[in-house]
Amino acid sequence: EVATAEEMAEARRRWQAIQAETNNLSRRLCEKLRLVMEPLVATKLRGDYRTGKRINMKRVIGYIASGYRKDKIWLRRTKPAKRDYRVLLAVDDSESMKKSGAGDMALAALSTLANGMSQLEIGE
């Protein structure tokens, strides 16, 4: 069954309305998830190494003054700052959900989760 352009436009309007309603909840969820789901991917540069990605400019003067002996002037990506989780959201689309009227509640929950996790940059 292929949806018409009118049906797609109506579905988009409905989804945007649900997202607007759940925006506050999404922000609160994002803050809670930030505490629980720790960063896993190293993106911040740190440390004093003999080799690395970038030079620590604060150490260069000491390196030159030491006659080029104190050569731990390089920074590496060591501090995790980015989250890399795979998340699967499943929604029951059965007839019982439609009859009980739980479909709108499921859409609101899905919107809250999706927006909260995208604000935190979790998932793909």
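User: Which residue forms a salt bridge with D104?

Analyst: D104 forms a salt bridge with R14, and their closest N and O atoms are 2.3 Å apart. A salt bridge here is a side-chain nitrogen of Lys or Arg within 4 Å of a carboxyl oxygen of Asp or Glu. D104 lies in helix 5 and R14 in helix 1 (residues 5-21), so the pair ties together parts that are 90 residues apart in sequence.

User: What counts as a helix, and where do these values come from?

Analyst: Helices (H or I, at least four residues) and strands (E, at least two) are DSSP runs, numbered from the N terminus. This is a predicted model, in which local features need pLDDT of at least 70 and side-chain atom pairs count only at pLDDT 80 or more, while totals for chains, interfaces and linings use all residues. Residues are numbered from 1 along each chain as its sequence is written, and side-chain values use heavy atoms, with hydrogens and water left out.

User: How accessible are D104 and R14?

Analyst: D104 is partly exposed at 47% relative accessible area, and R14 is partly exposed at 42%. Buried means under 20% relative accessible area, exposed means over 50%, and partly exposed is in between (1.4 Å probe, protein chains only).

User: How many salt bridges does the whole structure have?

Analyst: The search finds 4 salt bridges. One of them joins R34 to E31, with the closest N and O atoms 3.3 Å apart. Both R34 and E31 lie in helix 2, 3 residues apart, which is about one turn of the helix. R34 has a relative accessible area of 37% and is partly exposed, and E31 is partly exposed too, at 44%.

User: And what does R59 pair with?

Analyst: R59 meets D48 in a salt bridge, at 2.5 Å from N to O. R59 lies in helix 3 (residues 57-65) and D48 in strand 1 (residues 41-49), so this pair ties together parts 11 residues apart in sequence. R59 is partly exposed at 39%, and D48 is partly exposed at 30%.

User: Why would such side chains pair at all?

Analyst: Side chains of opposite charge can pair when their charged atoms come close.

User: Back to helix 2. Which of its residues are buried?

Analyst: S26, C30 and L33 are buried in helix 2. Seen down the helix axis, the buried residues fall within an arc of 70°, so they line one face of helix 2. That arc is taken over the directions from the helix axis to the C-beta atoms.

User: What is on the other side, and what do the buried ones pack against?

Analyst: R28, K32 and L35 are exposed on the other side of helix 2. The buried residues pack against helix 5 (103-119). Contact means heavy atoms within 4.5 Å.

User: How far apart are the ends of helix 2?

Analyst: The end C-alpha atoms of helix 2 (residues 23-36) are 20 Å apart, which agrees with the 20 Å that its 14 residues should span at 1.5 Å a residue. The expected span is 1.5 Å times one less than the number of residues.

User: New topic: M97. Is M97 buried or exposed, and what does M97 touch?

Analyst: M97 is buried, with a relative accessible area of 18%. Its place is in helix 4 (residues 95-100). Leaving aside neighbours within four places in sequence, M97 is in contact with D92, A102, G103 and A106.

User: How many aromatic pairs are there?

Analyst: The structure holds 1 aromatic pair. The rings of Y63 and Y68 have centres 5.2 Å apart and planes at 80°, so the pair is edge-to-face. Rings of Phe, Tyr and Trp (its six-membered ring) pair if their centres lie within 6.5 Å; planes under 30 degrees apart count as stacked, over 60 as edge-to-face and the rest as tilted.

User: Where does Y68 lie, and what is its phi?

Analyst: Y68 lies in the loop between helix 3 and strand 3 (74-82). Phi of Y68 is near 65°, a positive value in a residue other than glycine. Most residues other than glycine have a negative phi. Y68 counts as exposed, at 52% relative accessibility.

User: Last one: what pattern does the chain follow?

Analyst: Along the sequence the protein chain follows α-α-β-β-α-β-α-α, with 5 helices and 3 strands. Of its 124 residues, 17% count as buried.
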